[in-house]
Every structure is written in C-alpha cells, then in structure tokens.
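Open the model in a viewer and keep the selection tool at hand. The stops below run from the whole chain to single residues.

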Amino acid sequence: MPRRKRSDSPCEYFDSAFDEDSSSCNSRSETGVPRNAANARERARMRVLSSAFCRLKTKLPNIPLDTKLSKLDTLRLATNYIKELKSLIEGDNVNAEEIPIKFNHSLSSWQ
C-alpha cells in the first residue's frame, strides 16, 4: 500500500477545521446542559463502583477496615481469596485454618 504524502504543516488540518468550525462555539449554554447531565451520571456511576469496592474489601479476611487498598489490590486479594476457597472446596487437603494465614501473607508481598 503506498504511503500518503505528508502535508507541509502539521497544523494544516487543525487550522482549516478551526476556520470552518469557528461559528459552532458561539454559546456554551447549548452544550452545558447535556454535559452537566453526563457529568452527573459519571459521578453516580463512580459512587456505585466505589461502594462496591468498599463492600468487597469488608469481605476479605485479615484486612483491617482502616487499611487503604487500591482497587487493583482489592481485586487481587479477592481473586487470591477465591482461589484459596476454591482449592478448599475441591479438596486439595488444605486445612481451613491455613487459608487466612496464606491469604494474609499474599498481602504483605504487595506492600
């Protein structure tokens, strides 16, 4: 496939688009209402997501409630905990008292 020829100015596209589109920025109030609604939906979505991570963190054993965990760390710890529970159910001869100890050890390796 042949290469396209570069334009002389890297800003040529933006300059021409600015000239053609300069009349569209005449009023912010036209786009403000939908943008505010979108911002409100995004804030609500993030509140729901943060609440879900807080609830998930409370279900993890041996994690103090005042421990600050990132969302990634919370997901990693939950994944490891689920794997340990799965191995317990599948009968990998794991003692039930060992799970919190092994799980707590995995937390210290990330900090």
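Buried means under 20% relative accessible area, exposed means over 50%, and partly exposed is in between, with a 1.4 Å probe and protein chains only. Residues are numbered from 1 along each chain as its sequence is written, and side-chain values use heavy atoms, with hydrogens and water left out. This is a predicted model, in which local features need pLDDT of at least 70 and side-chain atom pairs count only at pLDDT 80 or more, while totals for chains, interfaces and linings use all residues.

**Whole chain**

Select the protein chain and colour by secondary structure. There are four helices and zero strands, in the order α-α-α-α along the sequence. Helices (H or I, at least four residues) and strands (E, at least two) are DSSP runs, numbered from the N terminus. Of the 111 residues, 16% are buried. The chain exposes about 9,600 Å², of which carbon and sulfur atoms supply 56%; accessible areas come from the Shrake-Rupley method with a 1.4 Å probe, and for residues only the protein chains shown count as cover. Among contacts (heavy atoms within 4.5 Å) with a separation of 6 or more, 33% join residues 24 or more positions apart.

**Largest pocket**

Next select Ser-50, Phe-53, Cys-54, Lys-57, Thr-58, Leu-65, Thr-67, Lys-68, Leu-69, Lys-71 and Thr-74, which line the largest pocket. A pocket is an open set of points on a 1 Å grid over the protein atoms alone, where a 1.4 Å probe fits, with protein on both sides within 12 Å along at least five of seven lines; lining residues have an atom within 4 Å of a point. The space in this pocket is about 200 Å³, a volume being the space filled by probe spheres set on the points, which are joined across faces, edges and corners.

Which helices each supply at least two residues of the lining? They are H2 (29-59) and H3 (71-89), and H2 gives the largest share, five residues. By class, the lining has four nonpolar, four polar and three charged residues. Here Ala, Val, Leu, Ile, Met, Phe, Trp, Tyr, Cys and Pro count as nonpolar, Asp, Glu, Lys and Arg as charged, and the others, Gly among them, as polar.

**Across the pocket lining**

Go to Ser-50 in helix H2. Ser-50 is partly exposed, with a relative accessible area of 33%. Draw a distance from Ser-50 to Lys-71: they are 21 residues apart along the chain, and their C-alpha atoms are separated by 8.6 Å.

Leu-69 sits in the loop between H2 and H3. Leu-69 is buried at 14% relative accessible area. From Leu-69 to Cys-54, 15 residues apart in sequence, the C-alpha to C-alpha distance is 9.6 Å.

**Helix H3**

Thr-74 lies in H3 and is buried, with a relative accessible area of 3%. Leaving aside neighbours within four places in sequence, Thr-74 contacts Phe-53, Leu-56, Lys-57, Leu-60 and Leu-69. H3 has 19 residues and spans 27 Å from first C-alpha to last, close to the expected 27 Å, which is 1.5 Å times one less than the number of residues. After H3 comes Gly-91, with a positive phi near 80°.

**Last stop: the H2-H3 loop**

Select Asn-62, in the loop between H2 and H3. Its phi is positive, near 60°, in a residue other than glycine. Most residues other than glycine have a negative phi. Asn-62 is partly exposed, at 40% relative accessible area.
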